[in-house]
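I opened a model and kept short notes as I went. The chain comes up here.

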Amino acid sequence: MAEQEEEIVGTMCTWSNGELVIPGVLPDMRGQGVGSALMHFTLTEMRASGYCFATAASAEDLAGAHALYERFGFENTRWLQLMERPLA
């Protein structure tokens, strides 16, 4: 979690399988290094905890997230197909 002046401005965490969980930064804080700081911290903690691999899933239209992942060495291996159904 990233905070500025006691306000949460970004979050990032992982599942136990090493997948990054919906990293996010408030829109007015994007482009200020918050996402990079969160990514650096999270990957460092994952390495220290014994993880050997990290994965990230993202929607096709999240170019900012893709750019962040690529800056940290992630490579696009495939696009996932999201399937859904109504519950009513």
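**Ground rules.** I am working with a predicted model, where local features need pLDDT of at least 70, side-chain atom pairs count only at pLDDT 80 or more, and totals for chains, interfaces and linings use all residues. Residues are numbered from 1 along each chain as its sequence is written, and side-chain values use heavy atoms, with hydrogens and water left out.

**Confidence.** I looked up pLDDT (the predictor's confidence in each residue, from 0 to 100). The chain mean is 85, and 97% of its residues reach 70 or more. Helices (H or I, at least four residues) and strands (E, at least two) are DSSP runs, numbered from the N terminus. Confidence is lowest in strand S3 (residues 19–25), with a mean of 80, and highest in helix H1 (residues 34–48), at 91.

**Loop.** I checked the loop between strand S1 (2–4) and strand S2 (7–14), and found Glu5 there. Glu5 has a positive phi, near 50°, and is not a glycine. Glu6 sits in the loop between S1 and S2 too. Its phi is about 65°, also positive.

**Helix H1.** Which residues of H1 are buried? I use buried for under 20% relative accessible area, exposed for over 50%, and partly exposed for in between (1.4 Å probe, protein chains only). Val34, Gly35, Leu38, Met39, Thr42, Leu43 and Met46 are buried. They are on the same side of H1, because they cover an arc of only 150° around the axis (taken from the directions from the helix axis to the C-beta atoms). On the other side, His40, Phe41, Arg47 and Ala48 are exposed. After H1 comes Gly50, with a positive phi near 95°.
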